[in-house]
Amino acid sequence: MSDENHFDVLIVGAGLSGIGAAYHLQTRCPTKRYAILESRPRLGGTWDLHRYPGIRSDSDMYTLGYSFRPWKSPKAIADGPSILAYIRETAEENGIDRHIRFGRRVERARWSSERALWTLDVRDLATDAVDTYTCRFLYACAGYYDMDKGHTPEWPDFARFEGRVVHPQHWPDDLDYAGKRVVVIGSGATAVTLVPAMAERAAHVTMLQRTPTYVFSLPAEDRIANWLRATVGPDVAYDVTRWKNVMVNMAFYNFCQRFPDQARRFLVGQAARHLGSREAAQDFAAPYKPWDQRLCAVPDADLFDAIKAGRASVVTDHIKRFTPTGLELESGRSLDADIVVTATGFNLKFLGGIAIEVDGETIEASKLMAYKGMMFSDLPNLAVAIGYTNSSWTLKCDLTCEYVCRILNHMDARGYDQCRPHNSDPSVREEPLLNFGAGYVKRALDRFPKQGSARPWRVYQNYLLDRLALRNQQLEDGVLRFSKGAPA
């Protein structure tokens, strides 16, 4: 290890969260030396990785955008290249790009209480050499998706299919789907994005789903935001629209939670109005309560329009087996396909797959409990950026960044070199970290930390509560414990 590989703070991941973390760090803790370790050759994270047709946000950019940098495009539901450009411009304008070390995958992090130091094994993907980095504080901003491999179920006779199979996470540049019959397996956010985009050129696109998903249409442009931008300028317009959308989104989420039957009728009714048929809307009448899984937003009803125009269709059925020319379904129906897109979800990885040791002991993620949704029980000097499941990811990540900076400044002011949450309340029960019914969440819950049944171990998925807790509550709350040297 050399001095050039020692930092006050190491940020893992140069996506939306990592660039935001770097901005907050260099703004609020300007004396801290930091670097960003990014395994990919470019910044942008998921917005650089995913290149499938039509890729876009399913959250409005006034809440998905950074609190410190207004979103100025007229489109509120933005396409992937525009979001990637926004992240890159943020990094370049603030000199953050000069702190990124690309092609560096963090494989192991070892904490020493005696030295108050993280030691990281970092693989240089260009040379395959493993370098050593050290830091006083580790900030994981790589999200929880496995960026290397998406989820694909095992289907009978899958290998018999003679057409092309692709997963959206690794979209091939040479895929020509013009005039082809396409079957998209899945009905989540990726599928409802792919179907109308591919339907513009394909002969026909079929979305094959096991169960319906709630899909609702939002205007691609926020007329109030655009009027405000022209009237009072981009900064004020952004702040006002951000709060407007936060409150509207929270109100609708709470409505869905308190009145699920009415919410279901509203969502299915909206689909029926766009499709012109109550019967057709049954393909969007999910069997679960709204927001038991994430709702899928489509801009300007593009999915419904493609279906109504006959360029796309929805089939609700189960796959029995694959055939050389397509799929045979449990109902006995067959779907012919030249291309099958497996939009069947993601795999999750805690801390991006980094192995963690504390004072020589290997840490099992499932034994940890989340503190304020951003730190973990008895895990020192480490935070993660994890966003909301029921709102824009960045809202929570911005608050987390501010809180991390508060911790760092507090430690400097009091002469501390370590902090770690510790639960000493036996009445706090363990609960799943994410109270969410999505398949990709259920598959990974046993490998992830837990949340607790009471504050500050409970993850509330509520921006207003988190804003109060992370901005205003005192740091030394009896749970987050600070020390100089190894704690007793």
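Before anything else I wrote down the cut-offs: buried means under 20% relative accessible area, exposed means over 50%, and partly exposed is in between. I also noted that this is a predicted model.

**Entry 1**

I checked Asp128 first. Is Asp128 buried or exposed? Its relative accessibility is 52%, which is over 50%, so Asp128 counts as exposed. I found Asp128 in the loop between β5 and β6 (130-140). Its phi is near 70 degrees, a positive value, and this residue isn't glycine.

Then I went to Ala116, where phi is also positive, near 50 degrees, again in a residue other than glycine. Ala116 sits in the loop between β4 and β5 (117-124). With a relative accessible area of 2%, under the 20% cut-off, Ala116 is buried.

**Entry 1: Ala109**

I stepped back into strand β4 (residues 104-112), where Ala109 is found. Its relative accessible area is 0%, so Ala109 goes down as buried. What does Ala109 touch? Leaving out residues up to four places away in sequence, I listed Trp118, Thr119, Leu120, Leu138, Ile354, Ala355, Ile356 and Glu357. I also looked up Thr400, 291 residues from Ala109 along the chain: their C-alpha atoms are separated by 21 Å.

I looked at the bond between Arg455 and Pro456, and it is a cis peptide bond with omega at about -5 degrees. Pro456 belongs to the loop between β24 (450-452) and α12 (463-472).

**Entry 2: a sheet**

Strands of a sheet pair through backbone hydrogen bonds, either parallel or antiparallel. The open sheet I picked has three strands in the order β13-β14-β15, with antiparallel pairing. Its edge strands are β13 (319-323) and β15 (334-336), each pairing on one side only. From one strand to the next, the twist averages 20 degrees. I counted three bridges between β14 (residues 326-329) and β15, and saw Glu328 opposite Ser334 in β15.

**Entry 3: the second largest pocket**

This pocket holds about 700 Å³ of space. Its lining has 27 residues, and Asp60, Phe216, Leu218, Val248 and Asn249 lie nearest the centre. Which elements give two or more residues to the lining? I noted β10 (215-218), α6 (223-232), α7 (234-258) and α8 (260-275). α7 gives the most, with five residues. By class, I wrote down 11 nonpolar, nine polar and seven charged residues in the lining.

Definitions and conventions:
Residues numbered from 1 in each chain as written. Predicted model: local features only at pLDDT ≥ 70, side-chain atom pairs only at ≥ 80, totals over all residues. Heavy atoms only, no water. Pairing = 2+ DSSP bridges. Helix = DSSP H or I, 4+ residues; strand = E, 2+ residues; numbered from the N terminus. Axes fitted to C-alpha atoms, helices over the stretch in contact; angles between N-to-C directions. 1 Å grid on protein atoms, 1.4 Å probe; cavity = no way out; pocket = protein on both sides within 12 Å on 5 of 7 lines; lining within 4 Å. Points joined across faces, edges and corners; volume = space filled by probe spheres on them. Nonpolar A, V, L, I, M, F, W, Y, C, P; charged D, E, K, R; others polar. Buried < 20%, exposed > 50% of the residue type's maximum accessible area, 1.4 Å probe, protein only. Contact = heavy atoms within 4.5 Å.
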